[in-house]
Amino acid sequence: MREAVLAGQAPPYPVRPVIDESWRRVLRCGLDPERGAVGNPLALDELERRRRRSGIGAVLPTLREGLLGAADAARAIVVVSDADGRILWREGNSAVCRLADALGLTEGADWTETAAGTNAIGTALVVRRPLQVHSAEHYVRTHHPWTCAAAPVTDPRDGRLLGTVDVSGPASTLHPATLSLVTAVARLAESELDVCHRAELEQLRAVAAPLLSRMPGKALVTDPHGWTAAVVGMVPPRRLVLPRSSDGSGRVWLPSLGTCTVEPVPGGHLVRVRGDDADGPAVPQRVVLDVRRARHWSVTVSGDAGSWSQDLSPRHAELLVALAVHRPGRTAAQLSEDLFGTPRREVTVRAEMSRLRRTLAAVLDHRPYRFADHVHVDLRRPDPPGLLLPGSTAPVVTALR
């Protein structure tokens, strides 16, 4: 099946869709199917810097405890990567580690699809869901003696992809429960991050409540990720998306609140809503939807009061791309067709659009859903078009490719 796809022919049997789509993405990159391009691992100082910066390091003990024993017994290794596909940690069976060295599966190595072809780590980063890749499902021939199962780990505070946890070993060690085990441990790590975040929010709330009790007008205190700790004079938003480019202080425009002033406080931000001021309401004039990169997408809203940026989840990126190419607007049924190929997923579409409009209310209208008429929309797509939102199977995206 792999040989047929590499030769540009129809495979004799159906290929798993996630593998077929990955093979075709890698084909477009021109990667050598015999040996790939894994090499030049990070220098030790850069590797240490990434380890310190990576949020996944905080749950490394949980990942080790959940997987190392089982992996070692099964003659496999545990591999942890960051969101860029760089291997940060690798532990497990010593004999398998030596085999992994020969393969290039070493600390600091790049295991994205563009460097290592179809593999559990790189492909899970693209599709953002747990995945097992076995033997000749790997794009690169030298990886065929291996099997691997990986699951992404996401930061519950902001939805940011932290990296992956993976169990890899010789193909003969394949066990059908490996993927379930890796997925369960990844979810346990995310739960641990969530518990730590709730404890931090409670500590911030103890500081924020007396501060806001003496303050007139509308104000709230959030943690660095925008989660509300305390509020006065207004209905508390569950989370406030703050400008990504902000230094944590000064006057900013927030789509959900309008013009505000932001001040740093220990452990977070104090946000004061200005309301009606002499400058009048801030009207956004331009939206830049940037989907050029493989795994990181953003929307930037700008106007007279400045600019504001937000990272996008894969689903929200798909929705905004659909609205950008259909400026007159789309009904919920039409967006359901755009994303799922059927008009019957309207409830899902409405729920996602409701989440989007909490932060982009000033630039998104509804009935039908569309970008506001006064806003100029700049959709920045990758070149070649085939690399647009690589993990997406939405009909609107595949048509643009």
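The sulfur of cysteine 148 lies 15 Å from the closest cysteine sulfur, that of cysteine 97, which is too far for a bond. A disulfide is defined here as a pair of cysteine sulfur atoms within 2.5 Å, and the structure holds zero disulfides. The model is predicted, with local features requiring pLDDT of at least 70 and side-chain atom pairs counted only at pLDDT 80 or more, while totals for chains, interfaces and linings use all residues. Residues are numbered from 1 along each chain as its sequence is written, and side-chain values use heavy atoms, with hydrogens and water left out.

Cysteine 148 is buried, at 7% relative accessibility, whereas cysteine 196 is partly exposed, at 41%. Buried denotes under 20% relative accessible area, exposed over 50%, and partly exposed the range in between (1.4 Å probe, protein chains only).

Glycine 66 belongs to helix α4 (residues 60-73); helices are DSSP runs of H or I with at least four residues, numbered from the N terminus. This glycine 66 is partly exposed, with a relative accessible area of 28%. Apart from neighbours within four places in sequence, glycine 66 is in contact (heavy atoms within 4.5 Å) with Leu181 and Val185. The C-alpha atoms of glycine 66 and valine 185 are 6.0 Å apart, although 119 residues separate the two along the chain.

Helices α9 (residues 314-325) and α11 (residues 346-360) pack at an angle of about 80 degrees, their axes 11 Å apart. Axes are lines fitted to C-alpha atoms over the stretch in contact, and angles run from 0 to 180 degrees between N-to-C directions. In α9, Arg315, His316, Leu319, Leu320 and Leu323 meet Glu352, Met353, Arg355, Leu356 and Leu360 of α11.

Key
Helix = DSSP H or I, 4+ residues; strand = E, 2+ residues; numbered from the N terminus.
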